[in-house]
Amino acid sequence: MAIETMVTPGGVRAVMEGLAATYRGRGSVELGEPYRVLVSTVISQRTREEQTTAVSQRVFARYPDMASLAAADEKELLVLLAGSEYREAKGPRLIAMATILLEKYGGRVPDDIDALLALPGIGRKTANCVLIYAFNREAICVDTHMHKIANRLGWVTTKTPEQTEKALEVVMPRDLWAGSNRLFLQHGRAICLSGAPPLCSRCPVRPWCAYGQEPTARKR
DNA sequence: AAAACGGGGGC
DNA sequence: GCCCCAGTTTT
């Protein structure tokens, strides 16, 4: 019979501190220029970090601002996007997005969740990332790693990332929101793997984890 | 809520 | 060749 562990803000903080002590950045948030944050975050969708960085550098070198991206040739952009997943959808959406922002917002990135969500190619994950890294806002950006790990820890029992976002808003102390995504991303890549069994024996927060208590790892 | 979308890189 | 991967959109 597993020990029932109530999830509390204090318990969440303990785990977050364990992750912060382990991973790069320590849970701090590095801000960036809004245009670059927006575009690189779209590029990062379903794409590994190394490829995101490489592709973003190429795109920024060719399209340094909103106006140049709005005026981009689609074929040319598609070539630069090689290495980013779903590039054939992202290319046209990036141009459409930049065009809208140029016409309706003077080329600025809106500091508003609903305005961001209304843009083509922008969902909850990307919109919250932009609020956090471009505007230093307190938001929770739930990607697949965060969704998976929050469920494994036993913090939430949710089916969708949006449900996870809402549930975490309740149990996670607000000062930890913005930096949480980076920590969970690194943890998910290094230890708390998606497919194969997670590497629980090397996990810095195993003592607090529901999944880590199970005698035999099973998929979840 | 589940399926479609769709390709580069690592093994 | 096979499988995985910082989601978004459509059914």
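In what follows, Lys and Arg count as positive and Asp and Glu as negative, while His and the chain ends are not counted. The place of a charge is taken as NZ of Lys, CZ of Arg, CG of Asp or CD of Glu. On this basis chain A carries 29 positive and 23 negative side chains, and the centres of the two sets are 7 Å apart.

The structure is a predicted model, in which local features need pLDDT of at least 70 and side-chain atom pairs count only at pLDDT 80 or more, whereas totals for chains, interfaces and linings use all residues; side-chain values use heavy atoms, with hydrogens and water left out. Residues are numbered from 1 along each chain as its sequence is written, and chains are lettered from A and ligands numbered from 1 in the order in which they are written.

The overall architecture comes first. Chain A contains 12 helices and 0 strands, where helices (H or I, at least four residues) and strands (E, at least two) are DSSP runs numbered from the N terminus. Chain A has a radius of gyration of 19 Å, close to the 17 Å that the globule rule gives for 220 residues, so it is as compact as a globular protein of that length. The radius is taken over C-alpha atoms, and the rule is 2.2 Å times the number of residues to the power 0.38. Along the principal axes, the C-alpha atoms of chain A fill a box of roughly 60 × 30 × 30 Å.

The domain assignment divides chain A into domain 1 (9–28 + 141–213) and domain 2 (34–135); such bounds come from an automatic or database domain assignment. The C-alpha centres of domain 1 and domain 2 are 27 Å apart. Between them, 12 residues of domain 1 are in contact with 9 residues of domain 2, contact meaning heavy atoms within 4.5 Å. Within chain A, 59% of the contacts with a separation of 6 or more join residues 24 or more positions apart.

The next topic is exposure. A residue is buried under 20% relative accessible area, exposed over 50% and partly exposed in between (1.4 Å probe, protein chains only). Of the 220 residues of chain A, 45% are buried. The accessible surface of chain A is about 11500 Å², and 53% of this belongs to carbon and sulfur atoms. These areas come from the Shrake-Rupley method with a 1.4 Å probe, and for residues only the protein chains shown count as cover.

Helix α2 (residues 34–44) has 8 buried residues out of 11, so it is largely enclosed by the rest of the structure. Among the buried residues of α2 are Tyr-35, Leu-38 and Ile-43. The buried residues of this helix pack against α3, α4 (66–70), α6 and α8 (124–135). Just after α2, Arg-46 adopts a positive phi of about 55 degrees.

Ser-56 belongs to helix α3 (residues 49–62) and is buried, at a relative accessible area of 4%. Leaving aside residues up to four places away in sequence, Ser-56 touches Ser-40 and Ile-43. Lys-104, in helix α6 (residues 87–105), is exposed, with 63% relative accessibility. The C-alpha atom of Lys-104 is 21 Å from that of Cys-129, 25 residues apart along the chain.

Finally, Thr-8 is placed in the segment before α1 (9–22). Thr-8 is partly exposed, at a relative accessible area of 33%. Thr-8 and Pro-173 are 165 residues apart along the chain, and their C-alpha atoms are separated by 9.5 Å.
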